[in-house]
Every structure is written in C-alpha cells, then in structure tokens.
2 protein chains.
Amino acid sequence: MGTTDAEWGGIWEVLGCKWTFHILRFLSTRPAQFNQIKNAIEGLPASTLSTRLKSLREENLVSRSVADSTPPTVTYALTEKGEELAEIIARIEELERRYE
Amino acid sequence: MGTTDAEWGGIWEVLGCKWTFHILRFLSTRPAQFNQIKNAIEGLPASTLSTRLKSLREENLVSRSVADSTPPTVTYALTEKGEELAEIIARIEELERRYE
DNA sequence: CCGTATCCCCTAGGATACTG
DNA sequence: CAGTATCCTAGGGGATACGG
C-alpha cells in the first residue's frame with residue numbers, strides 16, 4: 001500500500017520518474033545500446049538508466065534484443081506502444097513551448 | 001542543483017507527482033471547489049491537494065477565482081493550457097487501455 | 001467551509017565502485 | 001561494452017492538528 005493506489009501505476013509510475021522522457025525521446029530517434037543512451041543524455045547515471053530501462057520494459061514501452069555477434073550487441077528500442085507514447089510526449093513538449 | 005537539471009522541470013515536475021493526473025482529469029469535467037475535489041478523489045489528503053494545486057497554478061494549468069458571495073466561494077478550474085494537457089493525458093489513458 | 005503547518009517515514013535516485 | 005550492488009540524503013506525501 002501507499003504507492004499502489006487504484007489507478008496510480010502503469011505508465012504513470014514510470015512516466016513521472018526523472019529521465020524517463022529523455023530516454024523515450026532519444027530512443028524515438030533510433031534504437032541504441034546502453035552506453036549510447038547513457039552518453040547521449042548528460043547527467044544520467046548508469047544506475048538510474050539501468051532501473052529505468054527495467055521499468056520501461058515491464059510496461060512494454062521498450063524492447064531489449066541481443067544480437068549474437070562477437071561481441072554480442074544489446075540494443076534497446078521503442079515498442080509500438082512506446083512509439084505512440086513518445087508521440088504524445090512530443091505534444092506535451094510542444095504545448096509547453098507554445099505557452100512559455 | 002539536483003532537481004533542476006536542464007529540461008527537467010516545468011510540466012514534468014508536477015506531472016510526475018502523485019494525484020496530479022487525477023486532479024486534472026476531475027477538473028476537466030467541471031470547475032470545482034477545494035473540498036469537492038478532495039471528496040471526489042478517494043485517498044487524496046488535503047495537504048497534498050493544497051501543495052499540488054499550488055504547483056499547478058504556478059504552471060498556469062489551473063486557475064483560482066474567488067467569488068465575493070456570502071460566504072465567498074473559491075473555485076478552481078483548468079486554464080486553456082490545462083485543458084490541452086488534460087486532453088493529452090486522456091490520450092495516454094486511452095493508449096494504456098488499448099494495450100492492456 | 002477552505003485551507004496551511006508540522007512531523008515523520010519511506011523511497012527515488014545520485015555517487016561510487018565493482019563484475020561478466 | 002553492459003550492466004548491478006551499495007550507500008546516502010533530499011524531498012515527496014500521508015496523518016494529524018490547527019487557523020481564517
């Protein structure tokens with residue numbers, strides 16, 4: 001109890017977290033590897049990225065795939081649901097710009 | 001420092017807070033008084049509503065008006081910006097419903 | 001009726017260091 | 001390269017109580 005009130009959860013839980021919208025926005029431009037995301041977003045700690053990606057995957061917003069190359073390459077990408085959310089997020093940013 | 005990284009703030013700061021989207025959704029149906037909001041949203045403490053309304057007003061998402069009736073009536077309503085945000089929020093809820 | 005003040009606990013998340 | 005583990009502290013937010 002406490003965090004899991006009715007209707008608080010799902011997307012909202014992760015959307016409210018710091019760095020989430022940066023990560024989604026970056027991944028909306030292209031799939032990327034862990035350190036590519038980390039280096040692209042200034043100030044984002046690896047530990048936070050790690051937990052955030054986990055949450056995003058649990059919400060089916062981000063997918064993780066491992067290519068069996070040498071060395072194996074891990075790639076994160078938006079799912080279809082994630083793409084749609086990213087578009088909505090872009091509208092919020094546009095809204096903020098318009099009223100600033 | 002800490003909370004005020006570049007581009008973290010504004011709408012995102014308050015949007016991530018618990019109860020925010022409940023409040024916005026309720027106000028999107030009609031303007032309301034403090035206790036009407038409080039009573040409509042189960043579990044929402046008055047102290048939290050108080051601070052949340054303050055943040056929402058600072059972001060120009062919610063307006064507060066006092067009618068000089070007897071007794072004076074205080075009414076909260078969405079601003080135009082707030083209405084637009086509420087619409088976007090509705091799209092997120094619709095997105096979640098579609099993929100659940 | 002309309003809030004704000006205070007206390008207190010609990011978790012998010014930053015720093016750092018370390019592993020496969 | 002791709003993470004996880006640990007530690008620490010700042011602040012969110014619930015309970016309660018009180019003022020206008």
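1. Basis of the note. This is a predicted model, in which local features need pLDDT of at least 70 and side-chain atom pairs count only at pLDDT 80 or more, while totals for chains, interfaces and linings use all residues. Residues are numbered from 1 along each chain as its sequence is written, chains are lettered from A and ligands numbered from 1 in the order in which they are written, and side-chain values use heavy atoms, with hydrogens and water left out.

2. Cis peptide bonds. In chain A, the bond from T70(A) to P71(A) is cis, with omega near 0°. P71(A) belongs to the loop between β1 (62–67) and β2 (73–78) of chain A; helices (H or I, at least four residues) and strands (E, at least two) are DSSP runs, numbered from the N terminus. In chain B, the bond from T70(B) to P71(B) is cis, with omega near 5°, and P71(B) lies in the loop between β1 (62–67) and β2 (73–78) of that chain.

3. The hairpin of chain B. β1(B) and β2(B) form a hairpin with five residues between them. The two strands are antiparallel and joined by six bridges; strands count as paired if DSSP finds at least two bridges between them. Within this pairing, V62(B) faces L78(B) of β2(B).

4. Positive phi at W19(A). W19(A), which is not a glycine, has a positive phi near 80°. The residue is located in the loop between α1 (11–15) and α2 (20–29) of chain A. Its relative accessibility is 8%, so W19(A) counts as buried (buried means under 20% relative accessible area, exposed over 50%, partly exposed in between, with a 1.4 Å probe and protein chains only).

5. The faces of α4(B). Which residues of α4(B) are buried? They are T48(B), L49(B), R52(B), L53(B) and L56(B). Seen down the helix axis, the buried residues of α4(B) fall within an arc of 130°, so they line one face; the arc is that of the directions from the helix axis to the C-beta atoms. S47(B), K54(B) and E58(B), on the other side of α4(B), are exposed.

6. Surroundings of α4(B). The buried residues of α4(B) pack against α1 (11–15), α2 (20–27), α3 (34–40), β1 and β2 of chain B, where contact means heavy atoms within 4.5 Å. After α4(B) comes N60(B), with a positive phi near 60°, in the loop between α4 (46–58) and β1 of chain B.
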